Amino acid sequence: MNTTLKHWKEAATLILAAGRGRGFTPRAPSPFDYDVLLLKRSGKSGFMPNAYVFPGGVVDASDFSSEWLDIFRSFTNSLTFGLRSVKQPLETRPPIFATDRLKLGSPIPGEVALRICALRETFEESGVLLVAPKTEEKKMLKSIKDFGYIERYGVNDLCSSELTKWRALVNQNPSNFIRMCRELQVLPNIWALHEWSNWLTPAGRYGTTRFDTAFFICCLQEIPHTLQDDKEIERFQWSTPSEILQSYQAQELWIAPPQFYELSRLCHFPLLNDLHNFASQRATAGCEQWMPVVVSNDEHHISLLPGDKLYPVDSPRDSEAAKNTAPQSKDHQDASPLHRIVISDPYNLRVQITITPKYNHVLPIAHSAVSHDSKSQL
């Protein structure tokens with residue numbers, strides 16, 4: 001973990017999509033054949049209380065422990081333990097992925113440790129354990145030899161009294177996740193997670209704690225058994241991306257702008273197989289680091305994102321805070337690029353985008369709770 005960061009804590013989160021299975025009874029007609037897991041944060045939480053979020057949390061030192069070398073012993077000769085190589089040049093990679101962890105004292109590559117963090121936190125918060133049995137190592141290693149990476153690999157949902165015990169132990173001490181994998185002879189299924197995005201908490205929006213968060217996505221064939229942790233999480237729900245956005249618009253739940261943006265992206269893919277194929281193929285392109293810069297005018301807060309015409313030319317990453325008022329544009333009527341979220345109130349967001357997404361990604365799709373408006377200006 002990077003203890004040199006001044007303003008942020010490194011974190012990882014997992015967008016977990018799962019098919020409904022044959023026995024599923026539809027709630028309402030929907031083009032989606034999968035649901036996404038959301039967890040409601042405790043009202044006592046110091047960061048975004050009562051918000052619905054994807055499972056995830058802060059990186060722990062144990063996620064970078066050298067003990068993982070023994071767990072992944074068969075894969076340590078492969079670059080990043082058999083994960084596919086990202087084509088994005090290192091100098092343009094987000095620091096959370098590009099940081100040389102050896103210089104920080106860990107032999108575990110950041111892309112591996114961040115996935116371990118996402119898997120561990122998902123297990124702690126929801127009871128969903130995504131692992132690969134060590135008995136499958138030979139098949140996995142053959143895939144690396146034949147294809148250069150591990151092919152799409154099934155995700156196991158192991159549920160038993162044994163895992164209930166381990167979940168309690170991991171919640172007590174994250175390092176018990178290593179011990180659990182060793183004793184149960186399983187591997188954290190890092191290969192099932194695909195790089196999706198990287199968001200930084202803007203200054204002054206959600207308290208003093210700020211996070212540099214790697215977003216991953218994983219697609220499961222069926223919804224796994226899920227339990228809340230009764231500590232940080234008050235409840236969980238599996239819903240389609242459109243259902244979540246509609247519930248948000250109806251003020252039945254609250255999601256933060258990054259979740260709003262990412263769920264709106266998922267609306268491009270009503271079929272789980274299409275989402276998996278896109279996520280798997282796109283992940284090798286890399287991603288951008290996004291730190292929203294929040295400014296205000298008389299009526300709205302505007303969350304500026306990279307590529308917007310008013311986004312600061314110099315990276316604001318190391319600044320303590322963004323300006324409180326919106327800078328004035330001299331060319332109000334021009335067709336300059338827009339990439340922003342206009343926030344009228346906590347339950348009313350509008351996405352304004354005219355840019356082309358980088359790294360083969362998709363933009364949020366138009367939705368009843370999402371407005372693409374290229375004419376509105378600050």
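Angles between axes under 35 degrees count as roughly parallel, over 145 as roughly antiparallel, 65 to 115 as roughly perpendicular, and the rest as oblique. The structure described here is a predicted model, in which local features need pLDDT of at least 70 and side-chain atom pairs count only at pLDDT 80 or more, while totals for chains, interfaces and linings use all residues. Residues are numbered from 1 along each chain as its sequence is written, and side-chain values use heavy atoms, with hydrogens and water left out.

Helices (H or I, at least four residues) and strands (E, at least two) are DSSP runs, numbered from the N terminus. Axes are lines fitted to C-alpha atoms, for helices over the stretch in contact, and angles run from 0 to 180 degrees between N-to-C directions. The axes of helix H3 (residues 110-126) and helix H5 (residues 161-172) cross at roughly 110° and come within 9 Å. H3 and H5 are therefore roughly perpendicular to each other. On the H3 side, the contact (heavy atoms within 4.5 Å) is made by Arg120, Phe123, Glu124, Glu125 and Ser126, and on the H5 side by Leu163, Trp166, Arg167, Val170 and Asn171. By class, four nonpolar residues (Ala, Val, Leu, Ile, Met, Phe, Trp, Tyr, Cys and Pro), four charged residues (Asp, Glu, Lys and Arg) and two polar residues (the others, Gly among them) form the contact of H3 with H5.

In helix H8 (residues 257-266), 10 of the 10 residues are buried, so H8 is largely enclosed by the rest of the structure. Among them are Phe260, Tyr261, Glu262 and Arg265.

Strands pair if DSSP finds at least two bridges between them. An open sheet is formed by four strands in the order E12-E13-E14-E15, with antiparallel pairing. Strand E12 (293-296) and strand E15 (348-353) stand at the edges with a single partner strand each, so one side of each is left without a neighbour in the sheet. Strand E13 (residues 301-304) is joined to strand E14 (residues 339-345) by four bridges, and Ile302 has Val342 as its bridge partner in E14.

Two loop residues other than glycine have a positive phi. Phi of Phe81 is near 55°; Phe81 lies in the loop between helix H1 (68-71) and helix H2 (95-98) and is buried, with a relative accessible area of 4%. Phi of Gln185 is near 55°; Gln185 lies in the loop between helix H6 (176-184) and strand E7 (186-188) and is partly exposed, with a relative accessible area of 46%.

Conventions
Buried < 20%, exposed > 50% of the residue type's maximum accessible area, 1.4 Å probe, protein only.
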